[in-house]
Amino acid sequence: MALPLTFNIALFYTLFVVLFTDVVFCNNGRRVGDVMDTEFGGFSVPLEHSFEVDDVAQFRVRGALVLKAGREPSVALTQNQLSEEDRAKLKEVAAVDGLYRIRVPRVLLQADRQTERQLEGYLTAFVRACAMVESHLSDVISLHTDVSGYLIGVSIVTLPGACRGTEVEDEVDLEVFNTTLSVMGPVNAPGPETALFLERMEMETEKKGKNPQEQKSFFAKYWYLILGGAIFLVVSSAAQPPAGGGSEQS
Amino acid sequence: MAKLIWLCLNFVILCSTVGAVFEDQVGKFDWRQQYVGKVLFSNFDAQSQSSKKVIVATENNVFASLNIRTGELFWRHVDAIGPEGKIDALLHHGQDALLVVGDGRLLRSWEINIGGLNWEIVLDSGSFQSACLIGQQDIVKHVAVLKKTAISLHYLSNGHQKWIENLPESETVDYQSVYSGGNGEVYVLGIVPHSHIAIVVYSLDDGEIIRQFSVEAPWLSNIQASCAVIGEGMLTCADSATVSLYMLDLESQTEMSQIPLQSLGLEVTPGFQPVLRSTQPNAARPPLSEFFLQVGPEQHLLLQLNDGQIVTLRDFNPALLVSFATTGEKTIAAVMSPKNTTACSVNLFSAETGRRLLDTTLIFPLDPNGGKPEELYVQAFLKKDDSVGYRIMVQTEDHTLTFIQQPGRVMWTREEALSDVVTMEMVDLPLTGTQAELEGEFGKKADGLFSMVLKRLSSQLILLQAWISHLWKLFYDARKPRSQVKNEVTIENLSRDEFNLQKMMVMVTASGKLFGIDSKTGTIVWRHYLDNIPANAAFKLMVQRTTAHFPHPPQCTLLIKDKDTGLATLHVFNPIFGKKSHVTPPAMPQPILQSLMLPVMDQDYAKVLLLVDDQYKVSAFPSTKNVLQQLQEIASTIFFYLVDSSQGRLSGYRLRTDLSTELIWEVVVPTEVQKIVSVKGKRPNEHVHSQGRVMGDRSVLYKYLNPNLLAVVTESTDTHPERSFMGILLIDGVTGRIIHEAVQRKAKGPVHIVHSENWVVYEYWSTKSRRNEFSVIELYEGTELYNSTVFSSLDRPHAPQVLQQSYIFPSSISTMEATLTEKGITSRHLLIGLPSGGILSLPKMFLDPRRPEIVTEQSREENLIPYAPELLIRSEWFINYNQTVTRVRGIYTAPSGLESTCLVVAYGLDIYQTRVYPSKQFDVLKDDYDYMLISSVLLALFFATMISKRLAEVKLLNRAWR
C-alpha cells in the first residue's frame with residue numbers, strides 16, 4: 001500500500017444506484033430503555049455505547065440524556081464512569097482498530113404525551129475506538145432534529161480526532177467522559193434578499209438627489225484636470241527648443 | 001462612485017465570461033441531432049408520384065414529416081409531455097393530416113407540405129374511442145370522432161361541427177368503433193362484453209338514428225382487437241375459442257353466421273388470437289373484400305369474401321409482417337418473410353388474385369445488433385409501364401426506422417431509440433496502432449539490450465511507414481476536388497486527437513439499445529440492442545477500464561436492474577467497438593441494492609465493482625484472487641451507504657474482510673413529515689485545483705473539500721403552499737455525521753441540485769413568491785486547515801463554516817450540471833437546461849454566498865460581485881445559440897485534454913454536443929493568431945541585434961584608432 005491509511009479511509013465511492021426496499025434492523029429483540037419523565041419538565045432517554053473486539057455490536061447503557069422539549073430544546077447528560085473492565089476492553093478494541101459506537105432511540109422532542117415520543121428504532125453513530133482512547137474520552141456528541149422535533153441523527157467526534165498511536169499510560173484518563181453535548185435543529189435557509197437590496201438602491205438614488213455635486217456634468221467635475229492638462233501641454237510646447245537641436249547621443 | 005465601480009466590475013465580468021460563437025464557427029465544434037421517438041402511426045403522402053414525404057406520429061407526442069430520400073426531418077411539432085399531448089389517432093386525407101390529441105381533447109388539421117396548422121378545435125369532453133374519415137359519392141368531406149358517450153361529425157375544411165349525437169345506452173354499451181362505407185350512413189359499433197354487439201346507424205346528413213339493433217355475440221370482448229369490416233359492410237370477427245370466423249352483414253342481417261376455420265381447411269396455432277387486417281383505400285367507398293387473417297405468430301392468410309363465401313387466395317407461411325398498400329386503383333399486399341438469419345425478403349402480391357408480382361422482391365437486411373422487425377409501412381407507386389413499384393419503411397423492436405428501396409438498398413435508418421437516452425459516459429478513444437506500438441515498448445519488461453534495440457528500430461520503421469503513407473494520402477487527396485474528399489468516421493480511423501477533444505459517447509437508451517457515437521461528428525459508430533430488457537429497468541453505466549491500459553481493451557459495464565424485483569444483470573462490453581466482452585459477468589440471483597466502483601484495480605487494470613445484495617453480502621467483479629486479496633487488505637477502509645426513501649432511512653455500512661458488511665451508522669428522517677427525493681454525491685473524477693480562496697486581506701479561506709459528502713434533499717409531505725418546505729441535509733457518507741441541516745420554508749420541488757467542490761447549488765419553486773429560486777451553500781474550513789495533507793472523514797472534528805445565499809431565477813429549469821475540466825483550474829460554470837430548449841452557461845461566480853450586500857474595499861479586492869437578488873439570463877450565455885434542444889432531460893459534462901475546454905452533451909428528444917470554455921481559451925492560440933507578425937518581428941530583432949553588434953564593433957575599433 002503506497003497510500004497512507006487515512007487516505008484510504010476517505011476512499012469512499014458513493015455511487016448511488018437505487019433505493020432499496022428492505023431494511024434490516026441491526027439489533028432486534030432488545031428493548032429500548034424506558035423513557036422517563038424527570039421532575040424539571042424534561043424526559044430522559046438512554047445513551048448506549050458498544051465496543052467489542054469482534055465488532056459485533058452489544059449496546060450497554062453509557063448514561064442518560066435528559067432532553068427538554070420546547071421551542072429551543074436543550075439537553076443534559078448524566079453518565080457513569082467506565083469500569084476497570086471496560087477500560088481494558090476499550091484499549092483492547094483500540095489496539096485492533098475497532099469501532100466505538102453509540103446509539104440513542106428515535107424520539108420526538110416536541111410531543112406532550114410520553115407515548116407519542118417514542119418511535120421504532122435507533123440512531124447510531126461511531127468513532128474509531130483509538131481516537132476515543134487517545135482523546136482521553138473527550139467527545140462531542142450532537143443530536144440533530146428535524147423541523148417537527150424528531151430526532152433524525154446523532155453524531156460523535158473526538159477532540160483531537162486523530163489516531164496517532166500514542167499510548168495512554170494513565171488509566172485514570174479513561175475513567176471519566178468529558179462530553180460536550182448539543183441539540184441542533186435545522187437552520188432556516190435564507191431567501192433572496194430583496195428588501196435590503198431595494199433599500200440600498202433607494203438610498204443610492206436619494207444620495208444622488210441630495211448631493212448636487214454628483215449630478216454635475218463631466219466638464220464641471222473635472223475642469224481642473226482638463227485645465228491642468230491644457231496648461232501642461234502649452235507650457236511643454238513653449239519650452240521645447242526650436243527644431244534642429246537634436247542632441248547627438250552615441 | 002460605487003455605481004461606477006459596479007458598472008466597471010460588471011463590464012469586466014461580462015468581458016471575461018462572454019462565450020458566444022461567431023457565425024463561421026456554427027457547427028464547427030457542435031452538432032445537434034433531432035429525433036421523433038417510437039413511431040405509432042405513419043402514413044405516406046400518396047398524393048403525387050414524386051412525393052417524398054412520410055408523416056409520423058410518435059409515442060413521444062411528436063408529429064413530424066420525414067424526407068424519404070434522406071430520412072431528415074422536414075418539420076416537427078412537439079406537443080406537451082404526458083397524456084395531455086398524447087396522439088390518439090392520425091388520419092390522412094390528401095394534403096391534410098388530422099390528429100386527435102390528448103384523449104380526444106383536440107382535433108387538429110395540419111397541412112403536410114409545410115407543416116402548418118389548418119385549424120384546431122376543442123372537442124367536447126369524454127374519452128376518445130375511435131375516429132374515421134367519412135365520404136359520400138366519392139368525396140371525403142367529414143371526419144367522425146367517437147367518444148365514450150357521443151359521436152360528432154366535423155367538416156374537413158374548417159373543423160366546424162356538423163352534428164353531435166349522444167349515444168344510446170352509453171352506460172352499459174362500450175362503443176368502440178365507427179365505420180362508414182360511403183353510402184351516407186355512419187355505423188357505430190358498440191359492445192356489451194360477453195353478451196351482444198350494439199349497432200347504431202346514423203344518417204350522415206343530420207345525425208338522425210336510422211337504425212339501431214343488437215346482435216348476440218357472447219364470445220366477443222373487444223371489437224377493435226378481433227373484428228374488421230370487409231367488403232360491402234360485412235362485419236367479420238375472429239374467435240379463438242371456437243376457431244371460427246363470425247360474419248354479419250351490417251345492412252341486412254341481425255344474426256351472425258359462424259364459419260369454422262376448419263371448414264376452410266385452416267388451422268390456428270393453439271393459444272393464438274387470430275387477427276384480421278382489412279383495407280379501405282378510399283373512405284368514400286367500402287373496404288376491399290380481400291383481407292389478411294393471421295393464424296399464427298408467423299402465418300398469415302390472404303382471404304377473399306366472394307358472394308358470402310370465403311376463399312383462400314394464398315397462404316403465407318412463414319410470414320413475419322404483412323401490409324396492404326394502394327396506388328391508383330391497384331391494391332397490393334406486401335409480405336415480409338424470413339429468408340435466412342441475416343435477412344428477410346419482402347414480396348408484393350396482387351390483392352385481388354393473390355398472385356405474386358414479378359420482380360418485386362426486396363431484401364431487408366437484419367441487423368445482428370438490432371431488434372426484430374415490428375411494423376411494415378409500404379409506399380406503393382405506379383411505374384411508367386403501369387407496373388407497381390414500392391419502397392418500405394420497417395420499424396424494428398429497437399425503435400429503428402429503416403427505409404429500403406428495391407432491390408434492397410437501404411436509403412436511410414433513423415435510430416429513434418436515441419430520443420430516450422437514459423445515461424451516458426464519454427470514453428477516451430484509443431491510441432493509433434503506431435502510438436500504441438511505442439507505448440507498448442515502455443509497458444513491457446526489459447528483455448535484453450539487443451531485443452530492445454531491435455524493437456525500437458522496428459517501431460521507428462513503423463512510424464516512418466505511417467508518415468509516408470500519410471504524406472501519400474495528402475498528396476493523393478490534394479489532386480481530388482475538395483467535395484470528393486470525405487472524412488468518414490469508421491472504427492478503423494478512430495483515434496485520439498492531440499488534445500483528446502474527440503471521444504466516444506456511450507449512450508444507453510430506455511429501449512435497451514446501446515450506442516457508440518463519435519463526439520466530433522455525431523456519427524453512430526456502433527450499436528448494440530440488448531433484448532429481454534425489463535420494461536421498467538434502471539441503468540447504470542460504469543467505465544471499468546479506460547483506454548489507458550494498452551494492450552488491455554477498455555471495458556464498460558452496464559448494470560441493468562428491474563425496478564420491481566430488484567434483480568440485476570450485467571452487460572460487459574468494449575466501449576470503442578461495442579462488442580460484448582468475453583469476460584463473463586457474475587450471476588446475481590439476489591436483488592442488488594447498491595453498486596460501487598472502487599479505485600482498486602486488478603492485475604489487468606480493471607477497476608473493481610462491488611455489488612451489495614439484499615442480504616448485505618458483497619460480491620466483487622472481477623473477483624480474481626488478486627482482487628479478493630486486495631479487498632481483504634483494505635476492507636476496513638471501504639464504506640458505503642444505502643438509502644431507503646420509503647422509510648426515510650440512510651444507513652452506512654463498512655466492509656469486513658470476509659466480504660460481509662456491518663451497519664455502522666443510521667440516520668432516519670421520519671416519513672410522516674418529509675420524504676427523501678434525491679441523494680447526490682460528488683463526481684469521482686472531479687479535481688479541485690485550489691484548496692482555498694484568497695481574501696481581500698491576503699489571508700486564505702480554506703475550502704471544506706470532503707469527497708464523501710452527500711447532499712440529501714427532502715420534500716415535505718404537506719403540500720399546502722404555506723406549510724410546504726424542502727430540506728437539505730449534508731451528511732458525511734462515511735461517518736453519517738450531519739454536517740449541515742437547513743430548511744427552505746414555503747418551497748417545493750421539483751428540486752434540481754448540483755454538488756461539487758465545496759458547494760451545493762439547488763433550485764426550487766418558492767410557493768410564497770411564486771417564482772423559481774436558486775440557493776447556494778458553500779462550506780469552508782476557516783482560515784486554518786485542520787490537516788492539509790489528506791482528508792479523512794474519520795478525523796475532521798470541527799464542523800465547517802456554512803455560508804448560504806439565495807437568488808431569484810426568471811425561468812423554470814429542466815436539468816442542471818456543472819462543467820468539469822481536467823485539473824479543475826478553470827472556473828466553473830453551471831449548465832442549465834431550460835424548458836425553452838436553451839442551454840444556459842451560468843458562471844458559478846454569480847452564485848457565491850460571499851457576494852457582499854455592501855461593497856467594501858476588501859470585497860472589491862477579491863473581485864466579488866455585489867449582491868443582487870435577481871440572476872439575469874443573458875442571451876450570450878446560451879451555448880446552443882439557435883440550436884434548440886427540445887425536452888432536455890440531462891446534461892453530461894466531460895473534461896478534455898485541454899484544461900480550458902469542457903465537453904458537453906445535452907440529451908432529451910434531441911442530442912446536442914458542444915464544447916464550452918468557462919474561462920475562455922487561455923491555453924489555446926486563437927485561430928487568427930498572427931504567426932507571420934511574431935516571426936517577422938523576431939527575425940527583424942535578431943538581425944537588428946546582429947547589425948548593431950557589428951556597428952558597435954566598428955565604432956569601438958575606430959575609437960581605439962583615434
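Let me begin with the cavities, where the count comes to five of 30 Å³ or more. A cavity here is a set of points, on a 1 Å grid over the protein atoms alone, where a 1.4 Å probe fits but cannot get out, and a residue belongs to the lining if it has an atom within 4 Å of a point. The volumes are the space filled by probe spheres set on the points, which are joined across faces, edges and corners. Please keep in mind that this is a predicted model, in which local features need pLDDT of at least 70 and side-chain atom pairs count only at pLDDT 80 or more, whereas totals for chains, interfaces and linings use all residues. Residues are numbered from 1 along each chain as its sequence is written, chains are lettered from A in the order in which they are written, and side-chain values use heavy atoms, with hydrogens and water left out.

The largest cavity has a volume of about 150 Å³, and of the 19 residues that line it, A:I156, A:V157, B:T735, B:S793 and B:L794 are the closest to its centre. In chain A, strands β6 (118–128) and β8 (151–158) each supply at least two residues of that lining, and β8 of chain A gives the most, with four residues; strands here are DSSP runs of E, at least two residues long, numbered from the N terminus. By class, the lining of the largest cavity has eight nonpolar, seven polar and four charged residues, where Ala, Val, Leu, Ile, Met, Phe, Trp, Tyr, Cys and Pro count as nonpolar, Asp, Glu, Lys and Arg as charged, and the others, Gly among them, as polar.

Turning to the second largest cavity, about 60 Å³ of space lies within it, and of its 13 lining residues, B:Q674, B:T714, B:G727, B:L729 and B:E741 lie nearest its centre. Strands β51 (725–732) and β52 (738–745) of chain B each supply at least two residues of this lining, which divides into eight nonpolar, three polar and two charged residues.

With a relative accessible area of 15%, B:H752 is buried, that is, under 20% with a 1.4 Å probe and protein chains only. Leaving aside neighbours within four places in sequence, B:H752 is in contact with B:V761, B:Y762, B:E763, B:I813, B:S814, B:T815 and B:M816, contact meaning heavy atoms within 4.5 Å. For B:I813, the backbone oxygen lies 3.4 Å from a polar atom of the side chain of B:H752.

Key. Buried < 20%, exposed > 50% of the residue type's maximum accessible area, 1.4 Å probe, protein only. Polar contact = N/O pair within 3.5 Å; in protein donor to acceptor, adjacent residues only side chain to side chain. 1 Å grid on protein atoms, 1.4 Å probe; cavity = no way out; pocket = protein on both sides within 12 Å on 5 of 7 lines; lining within 4 Å.
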